[in-house]
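Okay, thanks for coming, everyone.

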Amino acid sequence: MAKVTNVRGLRNYIQELRNCSSKEQEKERVDKELGKVRKKYTSDKAMSAYDKRKYMWKLLYTHMLGYNVEFGHKQAMDLIAAPGYAEKQVGYVACAVFLSEQDEFLRLVINSVRNDLISRNEAFQCLALDFTANVGGAEFAQLLTVDVMGVLANGATRPVVRKKAALCLLRLIRKAPLDAEVLSPGVWGSRLAGMLADPDVGVLLGLTTLLLGVAARSYVGYEACVPRLIAVLDRCKAREVPQDYTYYGLASPWLQVKALRVLQYFPPPEDPAVRGALVDTLKRILGGSEPVKNANKNNAVHAIVFEAVALAIGLEDADLLTAGAALLARFLAVREPNLRYLALESLARLAGVPAVAETLARHARTVRDCLADPDVSIARRAMDLLFTMASPATAAGVVETLLAFLPTADYSLREELVLKTAVLAERFLPNLEWYVDSMLTLMEQAGEFAINDLWQSVVHLVTNSPELHAYAAGRVLEALRRGQPPETFLKVAAHVLGEFGPLLPDTTPGAEYAALAAHFPAAGPETKAIMLTAFSKLALAAPEDGDLQAAVRALLERHARGVDAELQQRAVEYTGLLAGGPALAKAAVQPLPRWEGRGSLLLRRLEAYEGEEGNDEGLERPGWLQGEAAAGAPAAAGDGPASAPGTPGVGAVRPPGDGAGPAPLAVPDLLDLLDLGEPSSTTPAPGGLEGLGLPPTPQQATPAPSPPHPAPAAVAPSGSLEAWSRRLWTQASGILYEDANLQAGVKSAFSGAAGTVTVFLGNKTGGALAGVALEIVGAPPHLTATLPAPPPAMLEPRRQVQVPLEVGAGAPGSAPLRLRLAYHTADGAAADVQLDLPLPPAKFSQPVDVPTEVFAARWEQVAGPPFKLSADVAPASGALSDAAVQQLLASLHLRVLAGVAGVPPGATAAACVLHVGGGAAPARQIPCMVVVAAGAGRVTVATADGAASAALLSQLTSVLGWGA
C-alpha cells in the first residue's frame, strides 16, 4: 500500500472532500469526479499506468465513503492482468471490494488469478492467494484448488507464501460441497504431518488452522499428524520460537490453542508413547498456569488452559482431570466475569466424570454463590453446573438452593430453572413426601413459568402411590387456604382433591369445595374444566351434604348456558350424572388406575430443551466424542444409576411389592430438518363417561400371554410414506421414512441439471441397529443416480450418519428414484422398505423473469400437443385461491408473472427454465411456460420439448391436486 501515497491526484481528491462544508457539497464533488472518471474510461485515448491506478483508487475511496460506484469493474479486472505489481495491487483490491463470490464477473479473472498463482513471482502469488481466500467461491474451489495445493506443497516457496496458501486452501475446502473430497487423506495425511515439522512458526500456524478445518469434517486418515502436533506443543513450551511470535513471554499462544483444539477432534492415541507424551504436555500446561497481574498475559494463559482441559476430558486421565478441575475451581473466585463464565462452562463438562466429583464437591458453595451474580450468563452457567454435579447425596440441598434462587432469578432463566429443579427432584427423590413438598413449593413459586408437565408428573406420582393420597390432599388444601396459588397449582389441587379429598379425616368434602371454589373465578378455561370435574366428584362423594349439592348444581347450571363449549359440555354431563342417582355415579366415576409403561414427562421435556439449546455446540464437537456422549445420554438423564437406591424416579413410581421395572423413556427425533408436525403418539382411550378423568385414564387391558419364541416382527412406519413423499416434491428437506427405531431424512441441493441429496440416518434407540443398508434399486431412464459410499452396516445407539446421493437429470421426466432401506435390531425386529425419492422437474428448474409481452408472444407461437398440453385438475381440498396457486407455483421454482396479455381472467401465468443433460448427454436449458386457471380447474403448459411438457404437466397436476 506504500504505492498509494505517491498518487498525488488521489491526495488532492481526498483533501477536497474533507474541505466540503456540507453533505450536499460533498455529493456534488463526488458526482463531478465520477463523471470525470467515467469520461476517461469511455474515451478512446489510451491511459497511462499511473492514471489507471489513480482513477481506480479514487473509485475505491468513493465507494468506501458509501457512494454507489456502478462502473469501473471491467477496468479493475484488466489491472489484475497487468504485468506490474502496482497495477495488480490496485486491481486485486478493487475486485475484492466491488465484487462478491456470487458475481458472474469473477469468471473473467479466474485465468489471471491462476497465472499469478503458478508464476515464480512471490508477490504476485501472495496477491492471488489473498484474493482467492477473501472472494473465491465454489467455482474458484473447483478450478484453483490444485494450484493452491501446489504452492503449499512446494518446499522452495518462501514461508510467507506457504502460510497464505494454507489459509487459502482452507477457504476453498469450506466453499466446496460437503461430500467433495478436496484433500485425499491417503496422500495429504502423511504430507501434512511432514509439513508440521517446518521451522517457521507462521507456516505452522497456517497448517494447524488448515488441519483444524479438515479434522472438523473427518479426522480419518490424518492420525499421523497427532505426534507432530504434540511436538509443536513441546516446542512452544520450551519457547523455541522467534521473538516475533512471543506474546508477553508466551511462545505463540495462538498456535498452542489451535494445536490443542485440533487434538480434540482425534480419539485418544493408542500408542503408549504418544499418549504419554500428550499427558506430560498437558500436565505441564495445567501445572504451570499461575495467574499474573498483566491482564493480556492472563487471557492468553487461560485460553490455553481451557483448551487443555477440554482435551483432557477426552483422554479420561484421572490425574489430569483432577488437576484441571482444581485449576478451574480457582477461577470461580476471580473478579473477571469472562473467566468465571468459561470456568463454569468447562466445569459443567467435567462434572459428569466420577474422578472429579470429590474435587467439585469441595467448591459447591462457590458455585452456589455464582447464582447470585448480576451477570445472567454466569448465573445460567452456575445453574447448569449445579444441575450436572448433583448426586443422590447432594440433590436435596441443590433443590433447596434452586428453590431459594427462583424468586429472585432473572426472568430469562426461570423457565429453564423450573424445569431443571423439577428434574432433580424427580431423579434423586430421597422419599415420596419430600418430592411432593418440593414440587408443590416449586409450582407455587414458579407462577406462570410452571409448565403443564409439572402438575402432570405430580399427579402421576400421587396416583401410583396409595400412601401419598391423603398426604398430598392435605398439602394442597393447606396451600389453597394460604392465598392465591398460580394456575398450575390449581390444576394439581383440583385433581388431587377430586380424587383423594374424601380420604382426609379432619375435613369434609364441603370444606374442600369451599377452599377450591374460592379460586374458581380467577382460573382459566382449562383449569375451570378440571375444577368442574373435581366439584362433581366431591358432590358424588357426599350425597348427604345438601349445601354442597346445591352449590355444585348451581355452578353447573350456570356454566351449562355459558359460551365456552368445553365447560358447557362438562356442566351438562355432570348435571345429568348428579341427577342419575348413586348407581349411575358408581358405574361412571371410577378411581384412576395406575399409570403403566409411562416415561417421565419432565425428562422428555428436558431432552427436547437441551437438544434445541445445544445444536450449535454439538456441531463443534468431534464425531467420535459426539458418539460417546450420545451413547451415555440415558445414564446421565435416565432413571438408572442416577436414582437413589430404593427410591425409583417418577417415571418408575410403584407401590411396595410391585417388582415391575421402570419403563424406557421416549427418545426425541434425532433429525430436525423441517417442522413437520408433532411426532406420532398413542393416546389411551378414556373409559366411562368422557371427560371425567383428568389426566386421561389409560386402559387396563389384560395382556396377552407372550409366545415362548416370538417370531421377528416387521417394524411399521410411524406415519404415512405418501405424505412424507408429497412434502419432498416442494421442499428441499424433510422426512423420507421414520419408525420407532430409525429416522431417515433428506436434505438436497441442486445446481443446474445436477444435485446432491444427503440422506440422514438416525438411530433413535439405545441399542445398535445392524444390517443397515441404503441402496438404489430403481432409477428411471431420465435420471442418473450414484451412491458414492454406502452407510455403515452397524449404526451405533443414538448416532446419525450422512449418506450422499449424486443425482442428475439427463432428460425431462417426473418419475421418482426408488431406494431400498433395511436394518434389523438385536431383538429380531426388522425393516426392509422401498421408498420413492421424488425428483420432479422442479428440482432442476430455475425461476426466470420474462417480460409479459414476450411471454404472451411465445405462448401464442407454441402450437398444440406435444409441446402445449392441458389437463383438468380438481384439488382434494376444494378450489384453490389465487394466493394458494401462486404459493404452490413458487414452491415449484416457477416465477409468477403479473399482467400477461392473452391469459384468461383469473388465471396465473408463470415461467421457469428446466436444466437437463450433462455427462454423455448435451446440457440443455428448456424454457417452460405455465398458465393455471384455478377457477376452471385447468392447467396448461408450453415448452419447446414434448417430454418436458409432459413431465411438467404431470408435476403440476399432482401438486395442485393435493391442494394447499
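Before I give you a percentage, one definition: a contact here means heavy atoms within 4.5 Å. With that in hand, 68% of the contacts in the protein chain with a separation of 6 or more are between residues 24 or more positions apart. And keep in mind that what you're looking at is a predicted model.

A few more overall numbers. The protein chain has 964 residues, and 49% of them are buried. In secondary structure terms, we have 39 helices and 16 strands. The accessible surface is about 44800 Å², with carbon and sulfur atoms holding 54% of that.

Which strands make it up, and in what order? There are five, running 3-4-5-8-7, in an open sheet with antiparallel pairing. The edges are strand 3, residues 733-738, and strand 7, residues 783-786, and each of those pairs on one side only. If you ignore direction, neighbouring strands in this sheet are turned by 25 degrees against each other on average. There's also a helix on it: helix 36, residues 721-730, packs on the sheet and touches strand 3 and strand 4. The direction of helix 36 makes about 160 degrees with that of strand 3.

Now zoom in on strand 5, residues 754-763. How many of its 10 residues are buried? Nine are, so strand 5 is largely enclosed by the rest of the structure. Let's go through its two partners. With strand 4, residues 742-751, strand 5 runs antiparallel, and 10 bridges join them. Pick Val-759 and you'll find its bridge partner in strand 8, Val-803.

Let's move to the helices. Helix 25 covers residues 469-482, so to speak a 14-residue example, and from first C-alpha to last it reaches 21 Å, close to the 20 Å expected at 1.5 Å a residue. Its buried residues include His-469, Gly-474, Val-476, Leu-477 and Leu-480. What covers them? Among the elements doing that are helix 23 (432-446), helix 24 (452-464), helix 26 (487-500) and helix 27 (509-517).

Thr-209 lies in helix 11, residues 201-217. Is it buried or exposed? Relative accessibility for Thr-209 is 13%, and buried means under 20%, so Thr-209 counts as buried. Setting aside neighbours within four places in sequence, Thr-209 is in contact with Leu-167, Leu-170 and Lys-258.

Last stop, a loop. Val-850 is found between strand 11 (845-847) and helix 37 (852-861). Not counting residues up to four places away in sequence, which residues does Val-850 touch? Those are Phe-855, Leu-897 and Ala-911. Take the Leu-897 pair: Val-850 and Leu-897 are 47 residues apart in sequence, while C-alpha to C-alpha they sit 7.6 Å apart in space.

Technical notes: Residues numbered from 1 in each chain as written. Predicted model: local features only at pLDDT ≥ 70, side-chain atom pairs only at ≥ 80, totals over all residues. Heavy atoms only, no water. Helix = DSSP H or I, 4+ residues; strand = E, 2+ residues; numbered from the N terminus. Expected span 1.5 Å × (residues − 1). Buried < 20%, exposed > 50% of the residue type's maximum accessible area, 1.4 Å probe, protein only. Areas by Shrake-Rupley, 256 points an atom, 1.4 Å probe, with all protein chains shown as cover. Pairing = 2+ DSSP bridges. Axes fitted to C-alpha atoms, helices over the stretch in contact; angles between N-to-C directions.
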